[in-house]
Amino acid sequence: MAWDHIIIGAGSAGCVLAARLSADPSRRVLLVEAGPRDWHPFIHMPAGLARLVKRTDINWNYETEPQRQLDGRRLWWPRGKVLGGSSSINAMCYVRGVRADYDEWARLAGDERWRWSNVLPYFLRSEGNSRGAGALHAADGPLAVSDLRYHSELSAALVEAAVAAGHPRNDDFNGPVQAGFGLYQVTQRDGARCSAATAYLSPARGRGNLTVLTHASCERVLLDHGRAVGVQLRRRGRRSERIEAGEVILAGGTINSPQLLMLSGIGPAGHLREHGITVACDLPGVGANVSDHLDICTLVRCTQPVTYDHLHDSMVAMQFLLRRRGVGTSNLAEAGGFVRSRHAHDARCDMQFHFLPALLDDHGRHRLDGDGYTLHACALKPRSRGSIRLHSADPRAPAAIDPGYLSDPEGHDLEMLVEGVRLSRDILAQAPFDPYRGDEIFPGAEARDPAAIEAFIRRKAETIYHPVGSCRMGRDDGAVVDPELRVHGIPGLRVVDASVMPELPSGNTNAPTIMLAELASDLILGRAA
């Protein structure tokens, strides 16, 4: 059977595309996902994300190349390998970014359709906010957005401490002003995770013109006289026949989409030849321009047993299953905020904070003794850039991920993380934490001078899971896709995922990715202005 659209990757973008394109009954849509269905109960119980780090069956579990500026460490990059992609394993924070982010996208892409005034309606089309509709919010979209049903007293203390430190209170980071501290709104419905699969794919699964394949990986895009005509799949370890399509859409994300392009002969010609791949299209920007939010954590011991460090999983799960209440509904990263630091270069906030009422070291993979709380700080506008390259021409081999953390020659990114530690310590030192505050674990009392803090950052900084940019949109020679997300030089092929973002948004990337796919679906259907 020939399909009108084959979508590779059932993550945040792929689920949106499958639902919107298949809403036209004349279009035959095939959605391909390398992972399984989103059946695991820890996916749907929000606090279950703490246990998902150990689920290798639904996580790509990538590692970066050794990072020269981070003591040669390989950093762990978890990415969802399941229906819903990373929206099925993330912390559910609903953050769009700000107007200036998208006006910058439009300038870099060379197309006014990516300005804030044009993308806002697509944010609204996706959003079903429990607070109701308004100029900046919608209430009837498929993606459920709600206030947390449960939060720790420590998260409340974080907000009060930030206010005591001089930061404004903010109960809507997607409102008129982003700056300030408050509780995050989350992508949840009735206390359960609302992933892109839940929001978009589940309601569309009964359509006769939509087929979803799981446990199926794409090995390459098939080309005929320079045009994409289908894909070669491997399903459950067995090579299948070619599957033809009128259009192939890559939605595998910042790692998998450029890797698949290169495996298909589309990318930097010299690099492809190094791996014995015939060059179909010399496109130097494939895999370049990678940008990510690097994050540093301040950890403090808690003198009271009110943290989430030693919860009884069975009791939490039972309360969640019976009543959709309690700690099970928590996204763990309950509170946080945005700050315009003294190093900011424009009116936008340049630091973001996430607070957890638990000790979090190495993404939660290293369990620390005792009770405590963690304040994350990340620089929103990093200047360092990295790359995605091939390790081999074998589609089963992971890509070479080199985010180039802290590689900017001016040292701006390191300076920003030092500032993040300073701001974190200032907030955690305020009076609202007096009843809870124990010793500082990280950076620790001995790390006071700038050199010691920089050494701590190089030893402990990690991703906060927002890589973008490896298939950047634009009209220049370094761009991979045009403003309609069509791959330059290859008719019949698009990329629709976070890899096309020319710059990081000011915040978490899941909501912007869903917006991007909403807009892309209108471009594909010929409905966008």
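Against which helices and strands do the buried residues of α1 pack? They pack against β1, β2, α7 (196-204), β10 (210-213), β13 and α13, where contact means heavy atoms within 4.5 Å. Helices (H or I, at least four residues) and strands (E, at least two) are DSSP runs, numbered from the N terminus.

This is a predicted model, in which local features need pLDDT of at least 70 and side-chain atom pairs count only at pLDDT 80 or more, while totals for chains, interfaces and linings use all residues. Residues are numbered from 1 along each chain as its sequence is written, and side-chain values use heavy atoms, with hydrogens and water left out.

Strand β1 (residues 3-8) is mostly covered, since 5 of its 6 residues are buried; here buried means under 20% relative accessible area, exposed means over 50%, and partly exposed lies in between (1.4 Å probe, protein chains only). Two strands pair if DSSP finds at least two bridges between them. Strand β1 is joined by 5 bridges to strand β13 (residues 238-250), and the two run parallel; in β13, Ile249 is the bridge partner of Ile7. Strand β1 is also joined by 4 bridges to strand β2 (residues 29-32), again in parallel, and in β2 the bridge partner of Ile7 is Leu31. Between β1 and β2 the chain passes through helix α1 (residues 12-22), and this β-α-β crossover is right-handed, a term meaning that, with the strands pointing away from the viewer, the path from the first strand over the helix to the second runs clockwise.

Helix α1 is largely enclosed by the rest of the structure, because 10 of its 11 residues are buried. Among these buried residues are Ser12, Ala13, Gly14, Cys15 and Val16, together with Leu17, Ala18 and Ala19.

## Helices α4 and α5

The axes of helix α4 (residues 99-109) and helix α5 (residues 116-126) come within 9 Å and cross at roughly 115°. Such axes are lines fitted to C-alpha atoms, for helices over the stretch in contact, and the angles run from 0 to 180 degrees between N-to-C directions. Where the two helices meet, Arg99, Tyr102 and Asp103 in α4 are in contact with Trp116, Val119 and Phe123 in α5. By class, this contact has 4 nonpolar, no polar and 2 charged residues, where Ala, Val, Leu, Ile, Met, Phe, Trp, Tyr, Cys and Pro count as nonpolar, Asp, Glu, Lys and Arg as charged, and the others, Gly among them, as polar.

In α4, the buried residues are Asp101, Tyr102, Asp103, Glu104, Trp105, Ala106 and Ala109, and they pack against α5 and α13 (510-525). Just after α4, Gly110 takes a positive phi of about 70°.

## Cysteines

How many disulfides does a search of the whole structure find? The search finds 0 disulfides, a disulfide being a pair of cysteine sulfur atoms within 2.5 Å. Cys302 is in no disulfide, and the nearest cysteine sulfur, that of Cys297, is 17 Å away. Cys349 is likewise in no disulfide, and its nearest cysteine sulfur, that of Cys378, is 11 Å away.

| Residue | Relative accessible area | Class |
|---|---|---|
| Cys302 | 10% | buried |
| Cys349 | 7% | buried |
| Asp282 | 47% | partly exposed |
| Asp71 | 51% | exposed |
| Asn289 | 22% | partly exposed |

Asp282 is found in strand β15 (residues 281-282). Leaving aside its neighbours within four places in sequence, Asp282 is in contact with Gly267, Pro268 and Ala269. Asp282 and Arg207 are 75 residues apart in sequence and 39 Å apart in space, C-alpha to C-alpha.

Two residues other than glycine have a positive phi here: for Asp71 the value is near 60°, and for Asn289 it is near 65°. Asp71 lies in the loop between β3 (62-63) and β4 (76-77), whereas Asn289 is found in the loop between β15 and β16 (294-302).

Finally, a cis peptide bond joins Phe442 and Pro443, with omega about 0°, and Pro443 lies in the loop between β22 (437-442) and α12 (450-460).
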